[in-house]
Each structure stands twice: as C-alpha cells, then as structure tokens.
Amino acid sequence: MSLEPKGSTCAFTESILRNYGFRTGLFTSPHLIDVRERFRLDGVDLSEEKFLCYFWWCYNRLKERANEEIPMPTYFRFLALLAFKIFAAEEVDAAILEVGLGGKFDATNAVQKPVVCGISSLGYDHMEILGDTLGKIAGEKAGIFKLGVPAFTVPQPDEAMRVLEDKASELDVNLEVVQPLTARQLSGQKLGLDGEHQYLNARLAVSLASTWLQKIGKLEVPSLTQMNILPEPFIKGLATASLQGRAQVVPDEFIESRTPGDLVFYLDGAHSPESMEVCAKWFSLAVKGDNQSESSEHLVNGSTGSSHDQSSGEENCQQILLFNCMSVRDPNLLLPHLRNTCAKYGVHFKKALFVPNMSVYHKVGTATDLPKNDPQVDLSWQFTLQKVWESLVQNEREGEEDKGKDVERRGNSEVFTSLPMAIKWLRDSVHESSSATRFQVLVTGSLHLVGDVLRLVRK
C-alpha cells in the first residue's frame, strides 16, 4: 500500500497487519541514526548482514547498466529500489511504503497498482518543490492516486480537499475521509505513539489496514460504523506501534546527576508550521504531566526539607529549546507557532539554543562516527534563527512591560558551533543548578537534529 507521509500512520498500519500474523515490510524516511531504520521486516530494522547483501546486489546491477543517458539513480530513488528488492526477496505479505516527497514524481510511485492509498494531514511543507498554496501541494500529493484504487484521507482545509476530490473523481477513486479514533474504540488502551493528533493518524491506519485485510488477507473485518470497540489485533497493533523521533521522551543516559531525569530530552522532528503547533501542544502537555506526577511522587514519599524542595514540580523545572531547521524553511512561521502554542498552555522557554546539524545524509551507510567540531563551520543560518527568536522575545517583553509587569532580562538564546557543545552546556547547567531543578529540553525543527541528539544521549 502507498501512503503519503506521515511515518506514524505507516507505523500504525504495519503494526496492525503484523498483529494479524502477516509478514510485513515497512519503508519510511528519513533515518535518524542508521540507514537500516528505513527498512523494517516484521517490525525490526533490517540486519546489517542483509542490508549489505541487498545493497551490493542492487548497486552492482545498476552500475553495470548505468551510462551517460541513464545514470545511477539518485539517493532516495536508489533506496526505494532497494526497498522493493528487499521486500520481494524476503517475501513479505504486505509492503507499507511512505512516500518520500510529494507524490506524483516520487520514487515510490513506481508501484502502479497498490491495494490502497492514504494521504495524511497536508500542510505547508517542501513549498520550494511542491508549490506555494495548499491547492498546489494537494495536487502533487494526489499523484499517488491510481485508477480505481480506493483511498483514504483525513479532514483537510477546503482548498486542499477540493483538489483531492477532483483528482479522485478523475481516476474513479473512492476517496473516504476518516475522523479520529475514540478512547472507547481502543477499549481504554493508549496509543503507542504519543500526542492527541495520533488518534487521527491511527484512524487512517485502521482504514488502510482494514482494506488490505479484506482484499488481500481475505479476512472479514467489520466496518468501524458497526463496531464500538476495535478487534483485538487492531488495538494491540496501535498500542505497540513505535517510531523514533516522533513525540519521543529520552532521559540523558550519560549525565552523572543526583537523580534520574535531571536532564530529559523531548524529541519531535516537526518542521512545518502545522506540525510545529502539534509538537508544541504535545510538549506542553507532556512536561506538565511529567511535572505533576513528579510532584505527586514527592508528596507520596512524604519527603520533607527546605521550602524550595516542597515547591510544586513545575516551579523546579526549566524548559529549554534546542532547535535547527533547513534553510528552505521559514523560521518566521515555525518559531512563532512553537512559542505561541507553548505559551497558550503556560509553558515558557528559559532559553533557546541554536545549533547546526551534524549528520551527512547524502551518503548511504551507518553514521557511527560524528564529525569533529569544526571552528570554520558557517553559523549564519543559526544566527538568523536566533534573531527571529530574540525578536519574538522582545515583542513579548514589550507587551508585558506595557501591562506594568516585571520582566526578567536574562539572555534568552545562544548559538553553539556544534551540537556536542550545546549538550555539554546543558549537562554543565544541570550540575551547577540546585538539586531540585530538572531541565526539560524540546528538540525540534529537524529530524536530522533529532537523530544527532539521540546518538549523543543514549547508550
């Protein structure tokens, strides 16, 4: 089946089909740490031995036939071809393909007759390639529709929905719009991926999986309108789905601190205005929930001590932003969405840190060795991001002063020449702080940045 991104919907769909006992292949992008993450067999990243075997099989055959007229395929096209080879050789029952970029001209569109197609929430992403309006973007995404192949989507802005419906009509595609799952349908189980928006992604996955199960698996699956509670394999699949770098909470495993959780990273690869709002809401609710549970635990343990120790969990926590995004993104859209949404939930960043990415993504391989600090690194983009942030802070400060409020005037942001230096600053800050302070760091703006952080904070 072909799915225009989002990776979380793909992960949910794969997990459901696997819990029905089918052999699954999942192709997603980008990878965060190791290229093998893009190819999952039965929910597990492809082994290094198999990856090398299939990689060289594809590479050597393509190289033999490549010439000036037909050169070697580009990076993503090569990986898509590799996925097709892997899934065919491994004889998977179901291949779930996340579209790379757009739809119409994407490498995954080589599949001419998928069982079912899905389009998740559309937003202003990759505008430099896909177009500067939601209508144009929707037109590109609808390129995955195939003649007579059923398709599902989620509620979209009117402009985008009109385009999707027109394209579906042209190709005799039965396009169905789904609504979010309810807690009742999940029988009280939590989704494996955190965040309110995942109930919509999960519902899209349920429709995709149901269609495949009925058409290929030859199983009778009652329609959602006929059932109050999902069948057990659906619930288990949705509850156990996993995907790195999306609404992921990871404590720093290397820091030598007094208590676990002194430094916690909240990672989400959001990089569009819409996903930035979703990320900000998830982070705000997550830290508030974590701080309240920490505070409750403190009271249950009957801990006593200084008045500082007895203050609420939230007062002892500092929220820090660690951010970078590609220069094709517009920080004047991303950062205000992030800051304003967090503020709406009562979360205010003590400091924002801006760093360059460290990963090199134009090479296939395992990025085990991070590059050394480069004193010549170009930080002009990071200073641009900092300027946008400081402007937001200044505007907010002036607004508060106009209301006669006292405003803290400490430095609100910093640019670091490398990510390891920013991580070191965070660890040093933990050691220098009072014993009751917890640092909660939101890492967002780029999945590449999220992958780099995971390498540095997990054992």
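**Contacts and burial, by question**

Visitor: What separates Asp428 and Lys424 in helix H13?
Guide: Helix H13 covers residues 419-432; helices here are DSSP runs of H or I with at least four residues, strands are runs of E with at least two, and both are numbered from the N terminus. Asp428 and Lys424 are four residues apart in H13, so their separation is about one helical turn.

Visitor: At which pLDDT do side-chain atom pairs count in this predicted model?
Guide: Residues are numbered from 1 along each chain as its sequence is written, and side-chain values use heavy atoms, leaving out hydrogens and water. The model is predicted: totals for chains, interfaces and linings use all residues, local features need pLDDT of at least 70, and side-chain atom pairs count only at pLDDT 80 or more.

Visitor: How far apart are the closest N and O atoms of Asp428 and Lys424?
Guide: The two residues form a salt bridge, meaning a side-chain nitrogen of Lys or Arg within 4 Å of a carboxyl oxygen of Asp or Glu. Asp428 has a relative accessible area of 28% and is therefore partly exposed; with a 1.4 Å probe and protein chains only, buried is under 20%, exposed over 50%, and partly exposed in between. The closest N and O atoms of Asp428 and Lys424 are apart by 2.8 Å.

Visitor: How many salt bridges are there, and which residue pairs with Arg23?
Guide: Side chains of opposite charge can pair when their charged atoms come close. By the cut-off above, the count comes to 14 salt bridges. In one of them, with 2.8 Å between the closest N and O atoms, the partner of Arg23 is Glu90.

Visitor: How many residues apart are Arg23 and Glu90?
Guide: Arg23 is in the loop between H1 and S2, and Glu90 is in the loop between H3 and strand S5 (94-98). Arg23 is partly exposed because its relative accessible area is 24%, while Glu90, at 13%, is buried. The salt bridge of Arg23 and Glu90 links distant parts of the chain, and their separation in residues is 67.

Visitor: What is the relative accessible area of Asp452, and is it buried or exposed?
Guide: Asp452 forms a salt bridge with Arg455 (2.7 Å, N to O). The two lie three residues apart in helix H14 (residues 447-457), about one turn. Arg455 is buried at 15%; Asp452 is also buried, at 0%.

Visitor: What kind of pair do Phe55 and Tyr59 form?
Guide: Both lie in helix H2 (residues 48-65), four residues apart. Phe55 counts as buried at 12% relative accessibility, whereas Tyr59 is partly exposed at 26%. With 5.9 Å centre to centre and 10° between the planes, the pair is stacked.

Visitor: Over which ring does the charged end of Lys85 sit?
Guide: The criterion is NZ of Lys or CZ of Arg within 6 Å of the ring centre and within 35 degrees of the ring normal. The charged end of Lys85 is 3.7 Å from the centre of the ring of Trp57.

Visitor: Which side chain joins Ser413 in a polar contact of 2.4 Å?
Guide: Ser413 is in strand S13 (residues 413-415) and counts as buried at 11% relative accessibility. A polar contact is a pair of N or O atoms within 3.5 Å; within protein, one must be able to donate a hydrogen and the other to accept it, and residues adjacent in sequence count only if both atoms are side-chain atoms. The contact of 2.4 Å is with the side chain of Glu390.

Technical notes: Rings of Phe, Tyr and Trp (its six-membered ring) pair if their centres lie within 6.5 Å; planes under 30 degrees apart count as stacked, over 60 as edge-to-face and the rest as tilted.
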